[in-house]
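Here is a short note to go with the model. Please read it with the structure open.

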Amino acid sequence: MRKEWQFRRKSCKKATKLPTKGSKNGLAKPYFEKVVELFGSETTKYKSDLMKSHSYLGAYYQLVAKDNVKAGENWKKLLLIDPENKQAKDALLLLNQGKK
């Protein structure tokens, strides 16, 4: 359990400290994906870290990778954790408008 906690903390810290220009290259993506992979089923315990992860991944897939399916999946997962999240609601609205 201790190693798990240390990995989670290191991954989140490393991902959030990457320079903004790195977001366009997806440098933080593997770290946030690992957080989701390891702790995605424990939404209550790791709520904050999962919210950051899904928020980053949703934005990355929508704006950089142009993968609206994966973007939508991450925004919906974020809304499951935080149903009032404005960023996720707005992003899903834009995705749905693009489908029309």
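In what order do the elements of the chain run from the N terminus on?

1. Overall layout. This is a predicted model. From the N terminus on, the elements run α-α-α-α-α-α. The chain has six helices and zero strands.

2. Burial and contacts across the chain. Of the 100 residues, 36% count as buried. Take the contacts in the chain with a separation of 6 or more: residues 24 or more positions apart account for 45% of them.

3. The buried side of α3. Helix α3 covers residues 29-39, and its buried residues are Lys29, Phe32, Val35, Val36 and Phe39. Down the axis of α3, these buried residues fall within an arc of 135 degrees, so they line one face of the helix.

4. How α3 meets α4. Helix α4 spans residues 47-64. The two helices pack at an angle of about 130 degrees, and their axes are 9 Å apart. Angles from 65 to 115 degrees count as roughly perpendicular and those over 145 as roughly antiparallel; the α3 angle therefore makes α3 oblique to α4. The crossing of α3 past α4 is left-handed.

5. Who makes the contact. From α3 come Lys29, Phe32, Glu33, Val35, Val36 and Phe39. From α4 come Asp49, Leu50, Lys52, Ser53, His54, Tyr56, Leu57, Tyr60 and Tyr61. By class, the contact of α3 with α4 has nine nonpolar, two polar and four charged residues.

Definitions and conventions:
Residues are numbered from 1 along each chain as its sequence is written. This is a predicted model: local features need pLDDT of at least 70, side-chain atom pairs count only at pLDDT 80 or more; totals for chains, interfaces and linings use all residues. Side-chain values use heavy atoms; hydrogens and water are left out. Buried means under 20% relative accessible area, exposed over 50%, partly exposed in between (1.4 Å probe, protein chains only). Helices (H or I, at least four residues) and strands (E, at least two) are DSSP runs, numbered from the N terminus. The arc is that of the directions from the helix axis to the C-beta atoms. Axes are lines fitted to C-alpha atoms, for helices over the stretch in contact, and angles run from 0 to 180 degrees between N-to-C directions. Angles under 35 degrees count as roughly parallel, over 145 as roughly antiparallel, 65 to 115 as roughly perpendicular and the rest as oblique. A crossing is left-handed if the near helix is turned anticlockwise from the far one by less than a right angle, and right-handed if clockwise. Contact means heavy atoms within 4.5 Å. Ala, Val, Leu, Ile, Met, Phe, Trp, Tyr, Cys and Pro count as nonpolar, Asp, Glu, Lys and Arg as charged, and the others, Gly among them, as polar.
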